[in-house]
Amino acid sequence: MNDADFMREALALAQQAETLGEVPVGAVVVKDGTIIGRGYNQPVSTHDPTAHAEIVAMRNAAARIGNYRLVGCELYVTLEPCIMCAGAIMHARLERVVYGAADPKTGACGSVVDVFAETKLNRHATVVRGVLAGECSARLSDFFSQRRQAQD
C-alpha cells in the first residue's frame, strides 16, 4: 500500500465520525506497511476534548503493541493535526505524519505554526502534506455546508 491507499483508509474512518455527527476526520497508524491503529473524531460523542482522530488512532496502536512509543510508525490523517495532536505525535515518537487537508485555523504542521520545524523541540516527525487533499477537503467542506443549511 502507498500513502494514497492509507489516506483512503483514514477517509473511510472520517465517514464513521460524520455518521456520529462529529467533524469527519479519520486517522490510521501504520507500522511496516500494516495498519496497527485506527481512529476517528469523537470528542462530542465521548465528551472528551482529546478524542481527536489522531489521538484515538495512537491510543489504539499503543494498546495493540503494548507500548506508548510508536517508534517506526507513521500517522495518516485526513486533516492537518492541531497543536495538541502534534504534541502527542512527538511524545509517541512517530516518525512520519501524512495529512490530507490543510487547516488554516488550527494547523500545527505549517498552516498556523509548524511544531515539527521548531528546533528547540527534540522530536521531529517528517511531515508529508496534501495527500488526497481534494477528497479530504471536500469531505470537510460538504459536512460544514450541510450543517449551515440545516441551521437556516
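**Around a buried tyrosine**

Mentor: Happy to! Start at Y76, which is buried, with a relative accessible area of 1%. Buried means under 20% relative accessible area, exposed means over 50%, and partly exposed lies in between (1.4 Å probe, protein chains only). Keep in mind that this is a predicted model: local features need pLDDT of at least 70, side-chain atom pairs count only at pLDDT 80 or more, and totals for chains, interfaces and linings use all residues. Residues are numbered from 1 along each chain as its sequence is written, and side-chain values use heavy atoms, leaving out hydrogens and water.

Searching the whole structure turns up two aromatic pairs. One of them joins F6 and Y76: the ring centres are 5.1 Å apart and the planes meet at 40 degrees, so this pair is tilted. F6 belongs to helix α1 (residues 3-19) and Y76 to strand β3, so the pair ties together parts that are 70 residues apart in sequence. F6 also counts as buried, at 3% relative accessibility. F143 and F144 make an edge-to-face pair, with 5.1 Å from centre to centre and 80 degrees between the planes. Here are the cut-offs: rings of Phe, Tyr and Trp (its six-membered ring) pair if their centres lie within 6.5 Å, and planes under 30 degrees apart count as stacked, over 60 as edge-to-face and the rest as tilted. Within the second pair, F143 is buried at 5%, while F144 is partly exposed at 34%. As for helices (H or I, at least four residues) and strands (E, at least two), they are DSSP runs numbered from the N terminus.

Now stay with strand β3 and look at what touches it. The buried residues of α3 pack against β3 (73-79), and also against β1 (26-31), β2 (34-40) and α4 (83-92); contact means heavy atoms within 4.5 Å. Those buried residues are A53, E54, I55, V56, A57, M58, A61 and A62. Helix α3 itself covers residues 53-65, 13 residues in total, and reaches 18 Å from its first C-alpha to its last, close to the 18 Å expected at 1.5 Å a residue. That expected span is 1.5 Å times one less than the number of residues. Just after α3, G66 takes a positive phi of about 75 degrees.

Charges meet here too. A search of the whole structure finds seven salt bridges, each a side-chain nitrogen of Lys or Arg within 4 Å of a carboxyl oxygen of Asp or Glu. R96 is buried, with a relative accessible area of 19%. Salt bridges that share partners join D3, E74 and R96 into one network.

R38 and E9 meet through their side chains at 3.3 Å, N to O. R38 lies in strand β2 and E9 in helix α1, so that pair ties together parts 29 residues apart in sequence. R38 is partly exposed at 41%, and E9 is partly exposed at 29%.
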